[in-house]
Amino acid sequence: MSDFSVIKILILSIISFLAAFFWTPFLTSFLYKYKLGKQIRNSKDAPIFYELHKEKGGTPTMGGLLIWVTTLVLALLFFYLGKLFPGGVFEKLNFLNRSQTLLPLGVLVASAIVGLVDDYLDIRRMGSKGRGLGMGYRLIIYTLIAIFGAWWFSVKLQWDIIHIPFLGNYTIGWWYIPIFIFVIISTAFSVNETDGLDGLAGGTLLFGFFAFGVIAFFLGRIDLAALCGVIIGSLSAFLWFNIYPARFFMGDTGAMSLGVTLGVIAMLTNYVFLLPIISLIFIIESLSVIIQVTSKKLRKKKIFISTPIHHHLQAKGWPEPKIVMRFWVISWLTAAAGLILFLLDKQL
């Protein structure tokens, strides 16, 4: 790896941040002009949630556009500029290639478009119970995206090997497909559940992409690391405007697509078993929902005041910024722990 590899990743990250930052006013103007604001669940269906978040009603959503549109435009821009001016700086900054970044970029855009439709239906009170795509439809659509990704790995990349840290590589044949699908779906929906407070999902995702960007870099997959850098740059710009009090929300077009992409990148690095450690917050958020639903069905009692767990803490009286900041600290520590395990595993 040359010194330019590091320079490339850093330059792309900065360009991504600046590009996203400077087109944010146009996005916010568009969202406000067409009244694309978040619809808060009513007091009858979710009384606790309504009391905690009623003042946020009408805040624009679909802010995830800032992240994935910037990433897509930069990927295509440097790809085609590299073709037009071969051998120059544009070709060196290109990070779009078939083996490393085509699939994660493709699923990012595909799942983001689905999320965008879901956000729009929710805003206009259309779809299932006036709240966009129903859970069944969402599960089917994102499963189809995951199946395509699994097919790409198996057929296009001829990949059926999974790495277990400290134990080695194992050929698992067709089992790779259901594992891939489970990872993508669970990560996407876990990130979506985490997207409930200003800056929470964005900050935790930032550490996840940073950790896997470092892993990709050490594995020599510079373009994949560069893609992580571009996402981090645009995500940082999004966070600038999303921290409390948020100017806009991420929406499904951001949360679901970034969750899918993080899962795909974890599979591409073949360090997917570090994903639950690096992104422990997402696991905790999902577990709180699963525990709550199970308890209500079996015991007819709630364990948490409200779920996911960040709403429980909010209902307990924790200020929203305190919850977000502490979850960010946890995410930083778990990302560091995942990187330590990665580096130790590489030395074996």
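Here are a few questions and answers about this predicted model.

Reader: How are helix 8 and helix 9 oriented to each other, roughly parallel or roughly antiparallel?

Author: Good place to begin! Helix 8 covers residues 200–218 and helix 9 covers residues 222–242, and their axes lie 8 Å apart at an angle of about 160 degrees. Angles over 145 degrees count as roughly antiparallel. Helix 8 and helix 9 are therefore roughly antiparallel.

Reader: How many nonpolar residues does the contact of helix 8 with helix 9 have?

Author: On the helix 8 side, the residues that meet helix 9 include Leu205, Phe209 and Phe212, while Ile231 and Leu235 are among those in helix 9. Glycines such as Gly202 and Gly213 also take part from helix 8. By class, the contact has no charged residues, 4 polar ones and 15 nonpolar.

Reader: Is Asn270 buried or exposed?

Author: Asn270 is found in the loop between helix 10 and helix 11 (275–278). Its phi is positive, about 65 degrees, although Asn270 is not a glycine. Buried means under 20% relative accessible area. Asn270 has 11% relative accessibility, so this residue counts as buried.

Reader: And what about Lys35, buried or exposed?

Author: Lys35 lies in the loop between helix 1 (3–33) and helix 2 (47–53). Lys35 has a positive phi, near 50 degrees, and is a residue other than glycine. With a relative accessible area of 63%, Lys35 is exposed.

Conventions. Residues numbered from 1 in each chain as written. Predicted model: local features only at pLDDT ≥ 70, side-chain atom pairs only at ≥ 80, totals over all residues. Heavy atoms only, no water. Axes fitted to C-alpha atoms, helices over the stretch in contact; angles between N-to-C directions. Helix = DSSP H or I, 4+ residues; strand = E, 2+ residues; numbered from the N terminus. Parallel < 35°, antiparallel > 145°, perpendicular 65-115°, else oblique. Contact = heavy atoms within 4.5 Å. Nonpolar A, V, L, I, M, F, W, Y, C, P; charged D, E, K, R; others polar. Buried < 20%, exposed > 50% of the residue type's maximum accessible area, 1.4 Å probe, protein only.
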